[in-house]
Amino acid sequence: MKYQTSIFCLILCIAAGCRSADKSTPMVDLITIDDEQKIDIRFGDQLFTTYHFSSDLEKPVLWPVISANGHELTRGYPLKPKVGERVDHPHHLGVWLNYGDVNGLDFWNNSKAIAPERAPHYGTIRHQEITDTKTGDKSASITATASWNDHSGHSLLREVTQLEFRAQDSVRIIDRTTTLTALEDTVALTDNKEGMFAIRVTRELELPSDGKQKLWGANGEVEEIENPDNSQVRGDYLSSEGITGGKVWGTRAKWMKLSGELEGDPVALVIYDHPDNVGYPTYWHARSYGLFAANPLGQKVFSEGEKKLNFKLMPGESVTFKYRLAVFSSDPSVAEIEQMDY
């Protein structure tokens, strides 16, 4: 009787279009929490990341980012500081896209830490609306619009971003496609190192370093420590050009891997530049302290003046940027990385 019941349930499930329960291809769900202005992205019963679009933030972000084996790869500060992590650069929050010089305004460094008298020098990306969401067995997507504003609220750029989330075995993938359109004004994105598609990672994925560091203490206050314990800090970079460690900063590459260990488990983040992007292959603003960013527009800085871009959009003109972030629960080989490329 139990066997007959199981077969009957299976037939009903197939007829209703039930999702696969195969753990290698977990179901993807989007859960909107309106009163907190966020959308949780879940693979099966596990949180992968959350899209935060609160007006309390200076830009929309994805935070945290959690691997398939349950490790949080992003830094908690400033939203939820973790003991022992750095408390520098409060504008480094989760995963984001913005830039350091847009018509002379600094969108990159804006945060709650900016003094009121300095605020007119900074720009803010204001979420406008979620225009579309889609879910399926192996992928889900969010499409949202935003406005790049100066301090007075005047809009320089209209942003349309699609975020697609996919699973491939134990790899979690975020594909970001962002189109920026100049509105009434010509918009100059002048060469600047502060950009563009970025993630700030947990301390264990930093590259080991000595010297004084400001860390979050167990007592809930910032502590300045000389040469803190680096025994669990095991991050390292590898570029598509074979460059490793801190030497990757300012170099060009099609992709960049940051790998390390969390609680003894290997993990890695790989950012891929898209061949259609301006400035492909991108320069990398990848720091030893856990900032990891692709910046195709800061060419003068990274080339020490040999190249110059100073990208501009005339009123009504648009540009599209595409990036992939792959989250591995392993330390993938070059071949495995390139299998996930565009």
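Among contacts in the protein between residues at least 6 apart in sequence, what percentage join residues at least 24 apart? The share is 58%, where contact means heavy atoms within 4.5 Å.

The structure is a predicted model, in which local features need pLDDT of at least 70, side-chain atom pairs count only at pLDDT 80 or more, and totals for chains, interfaces and linings use all residues. Residues are numbered from 1 along each chain as its sequence is written, and side-chain values use heavy atoms, with hydrogens and water left out.

The protein contains three helices and 20 strands. Helices (H or I, at least four residues) and strands (E, at least two) are DSSP runs, numbered from the N terminus. The radius of gyration, taken over C-alpha atoms, is 21 Å, close to the 20 Å that the globule rule gives for 342 residues, so the protein is as compact as a globular protein of that length. That rule is 2.2 Å times the number of residues to the power 0.38. Of the 342 residues, 51% count as buried. Buried means under 20% relative accessible area, exposed over 50%, and partly exposed in between (1.4 Å probe, protein chains only).

Gln-46 sits in strand β3, residues 46-52. Gln-46 is buried, at a relative accessible area of 18%. The Gln-46 side chain reaches the backbone oxygen of Ser-67 at 3.2 Å. Beyond its neighbours within four places in sequence, Gln-46 is in contact with several residues, including Ile-41, Ile-66, Ser-67 and Arg-172.

Val-278 occupies the loop between β16 (265-273) and β17 (283-286). Val-278 is also buried, with a relative accessible area of 19%. Leaving aside neighbours within four places in sequence, its contacts include Pro-296, Leu-309, Phe-311 and Phe-321. Lys-322 is 44 residues away along the chain, and the C-alpha atoms of Val-278 and Lys-322 are separated by 9.8 Å.

Backbone geometry comes next. The peptide bond from Tyr-77 to Pro-78 is cis, with omega near 5°. Pro-78 lies in the loop between β4 (61-65) and β5 (95-99). The bond from Gly-195 to Met-196 is cis as well, with omega near 0°. Met-196 belongs to strand β11, residues 195-200.

Asn-103 has phi near 50°, a positive value in a residue other than glycine. Its place is the loop between β5 and β6 (124-135). Asn-103 is partly exposed, at 34% relative accessible area. Asn-227 also has a positive phi, near 50°. Asn-227 lies in the loop between β13 (222-226) and β14 (236-239), and is partly exposed at 43%.

Conventions:
Polar contact = N/O pair within 3.5 Å; in protein donor to acceptor, adjacent residues only side chain to side chain.
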